[in-house]
Each structure stands twice: as structure tokens, then as C-alpha cells.
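Biologist: Could you take me through the aromatic pairs here, and tell me what stands behind each label?

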Amino acid sequence: MFQLRASQRAEAAAFQRELRAERTSAYGAFLSALTEWKNEQINWYSRREDDSGGEIVQAARIESYRLKGIAQAALSRVQLVASGQALVIAADQAFELTRPIHRARDEADLEERKDRAKKAVNSFIALAATDVQSAALGPHYRAHQIISGLASQGNPQLNDSGPEVNPVKGPRAT
């Protein structure tokens, strides 16, 4: 029985490590693709201002579309591995707010569009960091947090001298 539980814990820990690595990779790839696409959107805007309708503008537009495709693929990967809908919505919002950057009417509008996109990206990063950290801590993290919080508040039943507490099964005499 002990060996079975130890084996199950080892499998669960390995799964959590793999999940964390996959999420970290997916979120990082999305952020990288989004940043490259945003920078090309800015380049497209700048080229449009410098050379209205020329080959340089056309090349910037084509490159922007190519990078958009990469960002869309990375977004799909985020949608596959994210633990919750809030993270998917934040990723979608960051993507959608990056899309219109090149359409800025002037420098002030460009800065405003970049700022909105940056805020959306920062929101995604905050949620993604929490998602990755919770995957690293495993499924019993929240129960452990609650129990630790109660112990630190002076509950004598949950401190080091009290009974041992398994977050899944509850108190157990030692």
C-alpha cells in the first residue's frame, strides 16, 4: 500500500513538472511571438508614414502578416494548455489589442494603442505566472495554504505540536 501511494505521488509529481514545463513553454512562445508581431506592427506604421504605398510598406505589411500567423499559432497553444478561461481571455485580449497598432492615425494614437496592448500583455503575464506557479506546487497547494494559514493564526490543533494534517484526508494522530 505504501509503495502504491509513493508511486502515485511520483507519477503526479512528474505530471505536474511536465505540465509546468509545457505551460511555461507555451506562454513564453506566445509572448515572444506577440512581441515580434507588435514590433513589426510599429515598423509597418513607421514605414507607412515614411513611404506611402511603396515596396518598403508592402514588405512590412507582409512581414506583419507572417508574424501574426505565428502569434495565432502560439495563441492556439496557450488555449490548449491554460488551466482556466480567464487566462485564455487575457491571451485573446492581448492578441486583439496588438492587431490594430499599425492603423494608428498619428504618433499619439500609436502610443495609446501600444499602451493598451502592453497593459493587456501584462495582465496575461500576471495570470500566466500564477498558472505556472500553481502547476509547480501541485494540486494540494490550495489546501496546504489554507492549513498553513490556520496554523500561523495560532490554531493549536494545526501547529507543529498538534496532529499531523494531510490536506486531502484531514487530521491524523501521530
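Modeller: Gladly! This is a predicted model, where local features need pLDDT of at least 70, side-chain atom pairs count only at pLDDT 80 or more, and totals for chains, interfaces and linings use all residues. Residues are numbered from 1 along each chain as its sequence is written, and side-chain values use heavy atoms, with hydrogens and water left out.

Biologist: How many aromatic pairs does a search of the whole structure find?

Modeller: Four. Among them are Tyr27 and Phe124.

Biologist: What makes Tyr27 and Phe124 an aromatic pair, and why is it called edge-to-face?

Modeller: Rings of Phe, Tyr and Trp (its six-membered ring) pair if their centres lie within 6.5 Å; planes under 30 degrees apart count as stacked, over 60 as edge-to-face and the rest as tilted. Tyr27 and Phe124 are 5.7 Å apart centre to centre, with 85 degrees between the planes, so they form an edge-to-face pair. Tyr27 is in helix H1 (residues 2-50) and Phe124 in helix H4 (residues 107-137), 97 residues apart; helices are DSSP runs of H or I, at least four residues, numbered from the N terminus.

Biologist: Why is Tyr27 called buried?

Modeller: Buried means under 20% relative accessible area (1.4 Å probe, protein chains only). Tyr27 has 3%, so Tyr27 is buried. Phe124, at 0%, counts as buried too.

Biologist: Why is the pair of Trp37 and Phe95 called tilted?

Modeller: Their planes are 35 degrees apart and their centres 4.7 Å apart, so the pair falls into the tilted class. Trp37 lies in helix H1 and Phe95 in helix H3 (residues 85-98), so this pair ties together parts 58 residues apart in sequence.

Key:
Helices (H or I, at least four residues) and strands (E, at least two) are DSSP runs, numbered from the N terminus. Buried means under 20% relative accessible area, exposed over 50%, partly exposed in between (1.4 Å probe, protein chains only).
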